[in-house]
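Please read these notes with the model open beside you.

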Amino acid sequence: MRHTLPQSHQFYVTAPQPCPYLPGKVERKLFTALQGDGARHLNDVLSHQGFRRSQNVLYRPSCAGCAACLSARIVVRDFAPSRSQRRVMNRNAHLERVARSPWATEAQYHLFRRYLDARHATGGMADMDMGEFAAMIEESPVRSRVIEYYARRDGSAARDLVAVCLTDILSDGVSMVYSFFEPDLARESLGSYIILDHVAIAAESGLPHVYLGYW
């Protein structure tokens, strides 16, 4: 389907740089600023066209001769979990979900650092400090929430933060901007669980879609 970009906004294209996903390829991104009174509407419109948000910027791949990155979303009413997905849901049913305003905490940042060090030690975010992390979480011109997941310790009222997702609320769904989780709990499949729980969040809110990002 061919989309028309809003004429009221200026769009730019980044310079070519090495693709982080496909060896020997280069990537470029089409982007525009997300600001002002129309930010929420613009985020809705461009999310429908495959754009993603990073702080106050909306972007999508714009690579010559390559369309490998596909924007993915789940249609909530059509979603039926597989047997393995039901096992993931059951395995994590004890987790407590807490939705907060987009405000960064030290607990989130320490979890974020453990996740990056274990999963993406050489990625573009590897050197992100607390200030940059706070900007990622808090600099949102649209309606956003931080969804935290806690596990209670055995025989104790204390609980541990094990997963976090920065989530935008769109007119027709929830958009998972960025998520991270405790890398030492790999067997719990927390990444999959966050997605499955966002399907539940969308259903509870009467929203038809979950926007996942690029596949």
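1. Start with R28. In this predicted model, R28 sits in the loop between β3 (26–27) and β4. Its relative accessible area is 34%, so R28 counts as partly exposed, between the limits of 20% and 50%. F11 is 17 residues from R28 along the chain, and their C-alpha atoms are separated by 13 Å.

2. Next, two loop residues with positive phi. Q55 lies in the loop between β5 and β6. Its phi is about 55 degrees, although Q55 is not a glycine. Q55 is partly exposed, at 23% relative accessible area. S189 belongs to the loop between β11 and α5. S189 is not a glycine either, and its phi is near 55 degrees. The relative accessible area of S189 is 24%, which makes it partly exposed.

3. Now helix α1. Which residues of α1 are buried? They are A39, L42, N43, D44, L46 and S47. The buried residues of α1 pack against the strands β4 (29–33), β5, β6 (57–61), β10 and β12. Two of them, A39 and L42, turn up again in a core described in point 5.

4. Helix α3 covers residues 106–119, 14 residues in total. From first C-alpha to last it reaches 20 Å, close to the 20 Å expected at 1.5 Å a residue. Buried in α3 are Q108, Y109, L111, F112, R113, Y115 and L116. An α-helix has 3.6 residues a turn, so residues three or four places apart point the same way. The cover over the buried residues of α3 includes α4 (130–138), β9 (144–152), β10 (159–170) and β11 (173–181).

5. Look at the nonpolar cores. The largest has 42 residues. Which of its residues touch the most other members? F112, F133, Y149 and V210 do. The elements α3, α4, β9, β10, β11 and α5 (190–204) each give two or more residues to this core. Apart from it lies another core, of 8 residues, including A39, L42, F51 and V142. V210, for its part, touches A72, R73, I74, V76, V174, M176, H198, V199 and A202, leaving aside residues up to four places away in sequence.

6. The largest cavity holds about 80 Å³. Its lining has 13 residues, and S47, F51, R52, S175 and Y211 lie nearest the centre. Two or more lining residues come from each of α1 (39–47), β5 (52–54), β7 (71–75), β11 and β12 (209–214). By type, the lining divides into 4 nonpolar, 6 polar and 3 charged residues.

7. Last, an open space. The second largest pocket has a volume of about 160 Å³. Its lining includes R97, A99, R143, R145, I147 and T167. I169, V174, I201, E204, S205 and L207 also line it. At least two lining residues come from each of β8 (96–100), β9, β10 and α5. The lining of this pocket divides into 6 nonpolar, 2 polar and 4 charged residues. V174, in this lining, is also among the residues that V210 touches.

Definitions and conventions:
Residues numbered from 1 in each chain as written. Predicted model: local features only at pLDDT ≥ 70, side-chain atom pairs only at ≥ 80, totals over all residues. Heavy atoms only, no water. Helix = DSSP H or I, 4+ residues; strand = E, 2+ residues; numbered from the N terminus. Expected span 1.5 Å × (residues − 1). Buried < 20%, exposed > 50% of the residue type's maximum accessible area, 1.4 Å probe, protein only. Contact = heavy atoms within 4.5 Å. 1 Å grid on protein atoms, 1.4 Å probe; cavity = no way out; pocket = protein on both sides within 12 Å on 5 of 7 lines; lining within 4 Å. Points joined across faces, edges and corners; volume = space filled by probe spheres on them. Nonpolar A, V, L, I, M, F, W, Y, C, P; charged D, E, K, R; others polar. Core = buried A, V, L, I, M, F, W, Y, C linked by side-chain atoms within 4.5 Å.
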